[in-house]
Amino acid sequence: MLIFNFIYSITFEMILHFNPAGNMLYSMLGLNDAFTDMINSERGAFSMRIQSIFGHPLSLGQYYLLLTPIFLANKKGNWIYATCLFFFIVLSGTRGALFPFIIIITIFAINKMNKQSTNLFKYILATGCLFVVIYAFLPLKYQIRTDNIYDTIVSNITFWKESNHTTGSTMDMRTNQLDAAFYEIRNDILFGEGKGYREFYSIQNGHVHPDLLGFESLILLKLTEEGIIGLILYIILILCLYSFFWSHSNYKILTTLLYLAFFLSTIMTGIRPYSLLILGLSSIILTSNRNPYEDTSRIRFNK
């Protein structure tokens, strides 16, 4: 299904800039043009964003992220799938999936390093330090040119560009959104405004919240809808799920990375419609499948 989704996105969304299955689904569900227009929206260096049939590129990126650990669990071809998932997360323009992806991949790679890989890592680190030293001794005009090149690359990779009028994505903006969330629940700070308040506000006012925008953070959404108590209980629920699946998992490091990715992504991007479902499915797969990395010659079976 993942391969089929890749082929679909490349053929229709990237090449033809058309999303037939998505448009049909959105029309049947009575959704507005905001969903169908996302494919042609700019994000950093890209003039389009893939979204498949998941309603929004942010959702697709988060779903790809939560599927990554179960492909890393396969001994054969895991890095091929990881590379494909990274490529499509980038094309979805989802910062809240890209950064957690890089973090869990780095931790997984370091965890699997043998002696030869460790030496390679040391060489890469030494090379990076060498570049820093060279940069320090460059003439000022060359340092400025280097800074400009670096800023261009970073703005494209991280999807931050002034021309995009990015809102709600910097630390200052998130802080302002948090203040707005506390203002919304000022009359009921413990239990919030009720489940579905984000959608209720949009319907009642005909537009998204001017300060909270799309409530694109676990903290903002749960705090506004369910208050401080609801936010705490939700975090406890996820931690309990993690504890249960980790204790039964054949891939303890990958289970840890899965829940780390979930927390980081939902804090940065928000809880997407099927994220909790995919988190559960990935947890079950990591729990039920045998670990191909283990030494089976040492396993003894009881009669």
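What is the volume of the second largest pocket? In this predicted model, the second largest pocket has a volume of about 340 Å³. Its lining comprises 14 residues, of which Met1, Leu2, Asn5, Ser52 and Phe54 are the closest to the centre of the pocket. Helix H1 (2-15) and helix H4 (57-72) each contribute at least two residues to this lining. By residue class, the lining of the second largest pocket consists of 12 nonpolar and two polar residues, with no charged residue.

A nonpolar patch is found on the surface, with about 970 Å² of accessible area in total. The patch is formed by Leu178, Phe182, Ile189, Leu190, Phe191, Ile219, Ile229, Ile232, Leu233, Ile236, Ile267 and Met268. Three helices, H9 (171-184), H11 (218-248) and H12 (252-269), each supply at least two residues of the nonpolar patch. Of the contributors, H11 gives the most, with five residues. Ile267, one of the patch residues, is located in helix H12.

Two salt bridges are identified in a search of the whole structure. In one of them, the side chains of Glu226 and Lys195 meet at an N to O distance of 3.5 Å. This pair connects distant parts of the chain, 31 residues apart: Glu226 belongs to helix H11, whereas Lys195 lies in the loop between H9 and helix H10 (197-205). Glu226 has a relative accessible area of 21% and is thus partly exposed. Lys195, by contrast, counts as exposed because its relative accessibility is 64%.

Glu226 also forms a salt bridge with Lys222, with 3.0 Å between the closest N and O atoms. Lys222 and Glu226 are separated by about one helical turn, because the two residues stand four residues apart in helix H11. With a relative accessible area of 6%, Lys222 is buried, as the limit for this class is under 20%. Through salt bridges that share partners, Lys195, Lys222 and Glu226 are joined into one network.

Terms used: Residues are numbered from 1 along each chain as its sequence is written. This is a predicted model: local features need pLDDT of at least 70, side-chain atom pairs count only at pLDDT 80 or more; totals for chains, interfaces and linings use all residues. Side-chain values use heavy atoms; hydrogens and water are left out. Patches are made of residues with over 30% relative accessible area and no salt bridge: like charges are joined within 9 Å, nonpolar side chains (Val, Leu, Ile, Met, Phe, Trp, Tyr) within 5 Å. Accessible areas come from the Shrake-Rupley method with a 1.4 Å probe; for residues, only the protein chains shown count as cover. A salt bridge is a side-chain nitrogen of Lys or Arg within 4 Å of a carboxyl oxygen of Asp or Glu. Buried means under 20% relative accessible area, exposed over 50%, partly exposed in between (1.4 Å probe, protein chains only). On a 1 Å grid over the protein atoms alone, a cavity is a set of points where a 1.4 Å probe fits but cannot get out, and a pocket is an open set with protein on both sides within 12 Å along at least five of seven lines; lining residues have an atom within 4 Å of a point. Grid points are joined across faces, edges and corners, and a volume is the space filled by probe spheres set on the points. Ala, Val, Leu, Ile, Met, Phe, Trp, Tyr, Cys and Pro count as nonpolar, Asp, Glu, Lys and Arg as charged, and the others, Gly among them, as polar.
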